[in-house]
Amino acid sequence: MAQTSHTLRRLLASAAAVIALTAGVSAIAAPLDVEKDQLKLGFIKLTDMAPLAIAAEKGFFEDEGLSVTLEPQANWKVLLDRVISGELDGAHMLAGQPLGATIGFGTKAHIVTAFSMDLNGNGITLSNDVWQKMKANVPKGADGKPLHPIKADALKPVIAQYKAEGKPFNMGMVFPVSTHNYELRYWLASGGINPGFYSPTDVSGQIGADALLSVTPPPQMPATLEAGTIYGYSVGEPWNQQAVMKGIGVPVITDTEIWKNNPEKVFGVTDEWAKKNPKTHLAVVKALIRAAQWLDENNNANRAEAVKILAKPEYVGADAKVIANSMTGTFEYEKGDKRDVPDFNVFFRYNATYPFYSDAVWYLTQMRRWGQIAEAKPDAWYDETARKVYKPDVYLQAAKLLVEEGKSKEADFPWTSDGYKPVDNGFIDGIPYDGRKPNDYLAKQPIGLKGDQKVEGGQVVGG
């Protein structure tokens, strides 16, 4: 049946091409001769799964000869495990997941990505009580509102107070190799707060910590905060805005204020699957590029329609008003303090979809910084690992086909990039990042492992 439907689609596409030529207009390209035309792709209920939903709803997968089922997953571990087992062909993944799996932190498997799904999209939310205590330390503007970005320096005395009262300061993040974990750690450390270390014998990530970070699945964040189990969390949308709507917490900073235009999610498949299904892989990437273009085109003109799609129960399933806050370029911090954040969700502009090696290297530096990579590695190792996982050649092959088909503009892709962005000065602590010099970058961090340091017996040792 699958083969019959696939053949029919190809015949229809070929017929359309003949008709188009006869009419004197550009030919409609026939789909690639994919190895597998029926796919099951996984995702977590977050707004940044949007490229998958749009590719399905707008027929971009179908245009590529693919019949795709999108299936929400219970959490990031289950999602990764099901991709590795082959139950899922691929999935919306945390940018750190393919890297973490490939180097063997947690689950060991060679995962690759040829498509970055978005930039930005996260926030850090604190409970109302913590915010009220912290707010006294936050500078105010002429309008009496807090000055942004709000730095973790203002939280440091609050954590000290909790410690003096014998209360551990618990915070939630979504997964040990998630952007949310690394952004929360980056923000805390930039304010002199130690978020703790991992070691080969203690994977809690809480060794020597001032703030104790632990995993909470994204949709459960607001309820866990409301129950008082955690005092704050780092998560993607719509779960920061949900806290505002419910009146239980205050988002204090977005990730674009921590690291401007940071890469967030990727589309991941096993290396084995990619090698077995190269044309299918290309077809998926082509459809996702088109979806990303649609999401950002004409100055986000399609975002209102995207919000309605994402609000459907089979996708994110949250209130459309909550999703719209961030997806349409605004973000509400303290209730009533709504500000323009036009780049809160970026899906295509700024080369958002291109899998840069320098993005991969940044994630690897954070794994090393906090002990998930236990031993020092030379700069060359970071580059080699990035190249094992990130596949810009596949991405550009897909982009080239789209340009030839008239579905994308040649000027929209970084054809001559070597995979490394220029030195990045967009971090909240002002420390520049050069992906070609990861060890120099680590050496500049006041808190975190550097050089030959390692964690042994609950202590940082070495120099």
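Let's start with the rings. Tyr 182, Tyr 186, Trp 259, Trp 362, Tyr 363, Phe 427, Tyr 433 and Tyr 441 are linked into a cluster by ring pairs. Keep in mind that this is a predicted model. Across the whole structure, the search finds 25 aromatic pairs.

How do we describe such a pair? We give the distance of the centres and the angle of the planes. Take Trp 259 and Phe 427. Their ring centres are 4.8 Å apart and their planes are at 20°, so this pair is stacked. The cut-off for stacked is under 30 degrees.

Where do the two residues lie? Trp 259 is in the loop between α11 and β13, and Phe 427 is in the loop between α18 and α19, so the pair ties together parts that are 168 residues apart in sequence. Are they buried or exposed? Trp 259 is buried, at 2% relative accessible area. Phe 427 is buried too, at 6%.

The charged end of Arg 369 sits over the ring of Tyr 186, 5.2 Å from the ring centre. A second case of this kind is Arg 339. It lies over the face of Tyr 333, at 5.8 Å from the ring centre.

Stay with Arg 339, as it also brings us to salt bridges. Side chains of opposite charge can pair when their charged atoms come close. Arg 339 forms a salt bridge with Asp 337, with the closest N and O atoms 2.9 Å apart. Arg 339 is partly exposed, at 22% relative accessibility. Asp 337 is buried, at 6%.

How many salt bridges are there? The count comes to 28. Look at Glu 305 and Lys 58. Their side chains meet in a salt bridge, 2.5 Å from N to O. Glu 305 lies in helix α14, and Lys 58 lies in the loop between α2 and α3, so this pair ties together parts that are 247 residues apart in sequence. Glu 305 is partly exposed, at 34% relative accessibility. Lys 58 is also partly exposed, at 32%.

Next, Arg 349 and Asp 343. They form a salt bridge, and the closest N and O atoms are 3.1 Å apart. Arg 349 is partly exposed, at 22%, whereas Asp 343 is buried, at 16%. Some salt bridges share partners: Lys 40, Glu 71, Arg 82 and Glu 87 are joined into one network this way.

Now the sheet. Strands of a sheet pair through backbone hydrogen bonds, either parallel or antiparallel. Here we have an open sheet of five strands, in the order β10-β7-β11-β6-β12, with mixed pairing. The edge strands are β10 and β12, and each pairs on one side only. From one strand to the next, the twist averages 25°. Helix α10 packs on this sheet and touches β6, β11 and β12. Its direction makes about 125° with that of β11.

Focus on β6, residues 122-127. Which strands does β6 pair with? One is β11, antiparallel, with five bridges. There, Gly 123 stands opposite Val 235. The other is β12, again antiparallel and over five bridges. There, Ser 127 has Gly 249 as its bridge partner.

Why is β6 largely enclosed by the rest of the structure? Because six of its six residues are buried. Both faces are covered. Asn 122, Ile 124 and Leu 126 are on one side, with Gly 123, Thr 125 and Ser 127 on the other. Finally, helix α6 lies across β6 and β12, running at about 90° to β6.

Conventions:
Residues numbered from 1 in each chain as written. Predicted model: local features only at pLDDT ≥ 70, side-chain atom pairs only at ≥ 80, totals over all residues. Heavy atoms only, no water. Buried < 20%, exposed > 50% of the residue type's maximum accessible area, 1.4 Å probe, protein only. Helix = DSSP H or I, 4+ residues; strand = E, 2+ residues; numbered from the N terminus. Pairing = 2+ DSSP bridges. Axes fitted to C-alpha atoms, helices over the stretch in contact; angles between N-to-C directions. Contact = heavy atoms within 4.5 Å. Phe/Tyr/Trp six-rings, centres within 6.5 Å; stacked < 30°, edge-to-face > 60°. Lys NZ or Arg CZ within 6 Å of the ring centre and 35° of its normal. Salt bridge = Lys/Arg side-chain N within 4 Å of Asp/Glu carboxyl O.
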